[in-house]
Amino acid sequence: MEKFLRDQGLKGTSYRFMVGDLKELEKMRDEARSKPMSVTDHNIAPRVLAFFHKSVADHGKTCFTWMGVRPMVHISDPATIREVLANYYQFQKPKGGNPLATLLAKGLASVDADQWVKHRKIINPAFHAEKLKHMVPAFYVSCSEMIHKWEEMITKESSCEVDVWPHLQTLTSDVISRTAFGSSFEEGRKIFELQSELGALVMKASMQIYIPGSKFLPTKTNKRMKEIDRQVKAMIKGIINKRVIAMKAGESINDDLLGILLDSNYKEIKQQGNSNFGLSIEEVIEECKLFYFAGQETTGNMLVWTMILLGQYKDWQTRAREEVLQVFGNNKPDIDGLNHLKVVTMIFNEVLRLYPPGVLLRRLVYEETRLRNIVLPAGTLVQLNTLLLHHDQDIWGEDVYEFKPERFSEGVLKATKGQASYVPFGGGPRICVGQNFAMLEAKMALAMILQRFSFELSPSYTHAPHTIITLKPQFGAHLILRKL
């Protein structure tokens, strides 16, 4: 395989028996994590993607590395990225690797081909603009709770240092609990805590060479992962069963994601006259786990980096606050106003460019496939380096590492000149189904924060972006909050 790729003019690392580049990758990752960065430095790829950043620098934007026994071809140019994202039948989500990783969530993000078409069709209604309207009150209640906590912390002094990261994580998991299950937050929170623990265990397992069959060994980690999986499934199943009983009793329950999903699923089965056209209870459970994981992680990341950057660039914080006060005053933000926040949208777009929640996307080709002028052998992984693309000087210019929301003053299309050079939510037919949900939730949270507080970076803030599945601040986000 290596000779096949080199013969086509591709450069890359040399294959090492069984392990490929995994050891080197882990070593460089640990080394990078041990050193924080300067607060004003947004060139984060050398820290966040140490090994891949170096590989691309050494071997060129299109090159290859090794994930164990599989070659992985790195793609960094927009036209080829667009082609990969558009052809989801040829470039599928990678299965294999460590099977325990699928415990996190299979759901829409990991099904392929015809399965994906079926899932997407049933899930789409949950994210229609009409349905999102009904979720705004849940966004508001969750944000109010967080803001109330912050106000209590500040009552004694005029300002106070707060690590906002755990608060934002609680906020986004609370929003998901309310919008997905409309059920008691407690049930949802328990599911979320278990999923977070599972995420950390999966990440650890994915860095080790997977020996086929080892998932059946009764190791401490394997036992814990399976136990979490069992608990989460049982809890979600309990919530679903209550719903199904209510539906059969003729109650209308479709004002949250789960209700809309069950309703849409039921209609699809009825219309086609065959339960094969719908999702099984198991599949619905997987979709719920995915709502949880994807919805909580990404919005939390987007908000925390936004607060860190606005804590640093006070002029942009002021501009955003002026816009929010002009649109809402001190009133409760509503959906129409949120959709008209131009400065806030520009800020979020620039935050997602500099600090995208997902720093890379992977696909796998199951049969020999031509991609532009390269032929990829069956079993090749294709890695789209989102972070490297967003930080590419050739695309964005000399000021690529500067925080400049004005890049997006005329929208994303104009900023990217129509290229696939900005993919914080993926792209093509498989673009993230929840992106409008995430943006609306983030706008609500930021608007409410700006109405009540001004904030700046605390001297104790340590700038150390790193990934555990998504891009997070390694040591939290310590800010000084001042009540307005």
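Which helix holds Asn349? Asn349 sits in helix 16 (residues 342-354); helices (H or I, at least four residues) and strands (E, at least two) are DSSP runs, numbered from the N terminus.

1. Basis. This is a predicted model in which local features need pLDDT of at least 70 and side-chain atom pairs count only at pLDDT 80 or more, while totals for chains, interfaces and linings use all residues. Residues are numbered from 1 along each chain as its sequence is written, and side-chain values use heavy atoms, with hydrogens and water left out.

2. Asn349. Asn349 counts as buried because its relative accessibility is 9% (buried means under 20% relative accessible area, exposed over 50%, partly exposed in between; 1.4 Å probe, protein chains only). Not counting residues up to four places away in sequence, Asn349 touches Phe408, Val412, Tyr422 and Met439 (contact: heavy atoms within 4.5 Å).

3. Core. The largest nonpolar core has 135 residues; such a core is a set of buried Ala, Val, Leu, Ile, Met, Phe, Trp, Tyr and Cys residues joined through side-chain atoms within 4.5 Å. Trp150, Val164, Phe181, Met307 and Phe437 have the most contacts inside it. Helix 13 (residues 281-312) supplies the largest share of this core, 13 residues. Leaving aside neighbours within four places in sequence, Val164 contacts Trp150, Val304, Met307, Ala477 and Leu479.

4. Six strands, in the order 1-2-3-9-6-4, form an open sheet with mixed pairing (two strands pair if DSSP finds at least two bridges between them). Strand 1 and strand 4 (91-92) are at the edges with a single partner strand each, so one side of each has no neighbour in the sheet. Strand 6 (residues 361-365) and strand 9 (residues 381-384) are antiparallel, over 4 bridges; Leu361 has Leu384 in strand 9 as its bridge partner.

5. Surface patch. Tyr15, Phe17, Met18 and Val69 make a nonpolar surface patch of about 430 Å². Phe17 lies in the loop between strand 1 (11-12) and helix 2 (22-33) and counts as exposed, at 70% relative accessibility.

6. Backbone. Met18, in the loop between strand 1 and helix 2, is not a glycine but has a positive phi of about 65°. Ile469, in the loop between strand 11 (465-468) and strand 12 (470-473), has a positive phi near 70°.

Methods. Patch = residues over 30% accessible without salt bridge, like charges linked within 9 Å, V, L, I, M, F, W, Y side chains within 5 Å. Areas by Shrake-Rupley, 256 points an atom, 1.4 Å probe, with all protein chains shown as cover. Salt bridge = Lys/Arg side-chain N within 4 Å of Asp/Glu carboxyl O.
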